[in-house]
Amino acid sequence: MKLLRIVPDNTKFGFMRFRRFSFPFSAIASIVSVVAFLWLGLNVGIDFKGGTVVELQARGDRANVALIREEANRLGFGDVEVQEFGGPREVLLRVGLQDGGDRAQAEVVVKLRQAFEKDYDFRKVEVVGPRVSQELVQNGTIGVLLAILTILIYLWFRYEWQFAVGAVIATMHDLVLTIGFFAVTQIQFDQTSIAAILTIIGYSLNDTVVVYDRVRELLRKYKKIKLFELLDLSMNSTLPRTVITSVTTILALIALSIFGGDAIWGFCIALLFGVLIGTYSSIFVAAPILIYLGVRVGEGVGSEKPADKTTPAPAR
């Protein structure tokens with residue numbers, strides 16, 4: 001039985017020749033992302049702005065999330081989030097912070113009880129103020145930074161310094177562009193978005209590590225080959241794995257974004273962008289930047305094994 005070959009085994013595509021275009025493009029995209037973040041800001045959700053959080057439990061067999069969302073939006077509270085949690089009878093309802101202080105928040109609870117108390121039990125009612133929301137923002141930011149720092153420390157010890165620096169640059173590139181994506185599209189940014197960012201960073205780093213492992217392996221094998229040719233050879237040898245992983249992930253995310261409902265739509269769209277930009281950075285940022293960081297073929301990077309004098313002939 002013949003195995004499926006999405007990418008031919010003898011592919012010899014010259015990826016490194018595009019570095020003269022990919023680096024300026026990445027630089028411009030990063031600048032635009034920073035400007036968009038500073039100028040437009042993020043459309044922060046209820047988690048970070050504050051508001052009223054209500055846990056409902058249906059008196060019947062199942063909660064009607066769509067009907068609850070429709071009725072809550074009809075009350076005119078502005079930002080409203082409705083999602084299932086725990087079991088099919090439990091629903092979490094979030095209403096954005098209203099103008100008018102404590103009295104306005106109390107009116108929100110009264111109207112919600114009038115609208116849903118007939119069919120649902122109010123298990124918990126909590127008002128999240130601006131101070132608590134600010135703490136959530138700080139904790140979320142610290143969590144992202146600590147996760148990135150821990151990963152980068154691991155990369156620093158795993159690879160030579162050129163590879164670690166390349167991974168750092170590619171990771172920061174993906175982080176900046178993802179934040180810029182949230183700013184430009186104004187997709188709601190909440191705690192789920194932080195989970196999306198961490199997932200994107202992990203996906204991108206995993207792809208980068210696969211490429212770097214292949215580069216280091218070939219640096220041990222070939223001693224008489226130009227670096228850009230060796231990088232092209234590395235990219236072509238890992239290309240089938242990259243294509244299969246990216247395509248299957250994208251197909252799953254497209255299905256989730258279409259059929260998953262409003263609760264996870266923003267999360268899925270952010271991940272779709274992250275997978276695309278993470279794959280791009282692994283190929284067109286992380287790999288070619290080694291050329292400018294002083295990696296040299298024949299200097300024994302990563303090993304002292306005898307040189308293989310066979311030189312492949314990948315495309316320029």
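User: What is the handedness of the crossing where α7 passes α8?

Analyst: This is a predicted model, and the answer is for that model. Where α7 passes α8, the crossing is right-handed.

User: Which residues of α7 and α8 make that contact?

Analyst: On the α7 side they are Y203, N206, D207, V210, V211, R214, V215, L218 and L219. On the α8 side they are L230, L231, L233, S234, M235, S237, T238, R241, T242, T245, S246 and T249.

User: How do the residues of this contact divide into nonpolar, polar and charged?

Analyst: Take the contact of α7 with α8 by class. Its residues divide into ten nonpolar, eight polar and three charged.

User: Are α7 and α8 roughly parallel or antiparallel to each other?

Analyst: Two packed helices are described by the angle between their axes and the distance between the axes. Here the axes of α7 (residues 191-221) and α8 come within 9 Å and cross at roughly 150°. Angles over 145 degrees count as roughly antiparallel. Therefore α7 and α8 are roughly antiparallel.

User: Is T242 buried or exposed?

Analyst: T242 lies in helix α8. The cut-off for buried is under 20% relative accessible area. T242 has 4% relative accessibility, so it counts as buried.

User: What does T242 touch, leaving aside its neighbours within four places in sequence?

Analyst: T242 is one of the α8 residues that meet α7. With those sequence neighbours set aside, T242 is in contact with D207, T279 and I283.

User: How far apart in space are I254 and L271, C-alpha to C-alpha?

Analyst: I254 lies in helix α8, which covers residues 227-259. I254 is partly exposed, with a relative accessible area of 35%. In sequence, I254 and L271 are 17 residues apart. In space, C-alpha to C-alpha, the separation of I254 and L271 is 9.9 Å.

User: How are α6 and α7 oriented to each other?

Analyst: The axes of α6 (residues 161-185) and α7 come within 10 Å. They cross at roughly 150°, and the crossing is right-handed. The angle is over the 145 degree cut-off. So α6 and α7 are roughly antiparallel.

User: How many nonpolar, polar and charged residues does the contact of α6 with α7 have?

Analyst: In α6, the residues include F163, A167, L175 and F182. In α7, they include I197, I200, L205 and Y212. By class, the contact has twelve nonpolar, six polar and one charged.

User: What is the phi of Q186?

Analyst: Q186 lies in the loop between α6 and α7. At 33% relative accessibility, Q186 counts as partly exposed. Most residues other than glycine have a negative phi. Q186 is not a glycine, yet its phi is positive, at about 60°.

User: How many residues of strand β3 are buried?

Analyst: Strand β3 spans residues 87-96. This strand is mostly covered. The buried count is eight of its ten residues.

User: How many bridges join β1 to β3, and how many join β2 to β3?

Analyst: Strand β1 (residues 51-58) runs antiparallel to β3. Strand β2 (residues 80-85) also runs antiparallel to β3. The bridges number seven for β1 with β3 and six for β2 with β3.

User: Which residue in β3 is the bridge partner of E84?

Analyst: Start with L56, which stands opposite V91 in β3. E84 also has its bridge partner in β3. That partner is V91.

Key
Residues are numbered from 1 along each chain as its sequence is written. This is a predicted model: local features need pLDDT of at least 70, side-chain atom pairs count only at pLDDT 80 or more; totals for chains, interfaces and linings use all residues. Side-chain values use heavy atoms; hydrogens and water are left out. Buried means under 20% relative accessible area, exposed over 50%, partly exposed in between (1.4 Å probe, protein chains only). Helices (H or I, at least four residues) and strands (E, at least two) are DSSP runs, numbered from the N terminus. Two strands pair if DSSP finds at least two bridges between them. Axes are lines fitted to C-alpha atoms, for helices over the stretch in contact, and angles run from 0 to 180 degrees between N-to-C directions. Angles under 35 degrees count as roughly parallel, over 145 as roughly antiparallel, 65 to 115 as roughly perpendicular and the rest as oblique. A crossing is left-handed if the near helix is turned anticlockwise from the far one by less than a right angle, and right-handed if clockwise. Contact means heavy atoms within 4.5 Å. Ala, Val, Leu, Ile, Met, Phe, Trp, Tyr, Cys and Pro count as nonpolar, Asp, Glu, Lys and Arg as charged, and the others, Gly among them, as polar.
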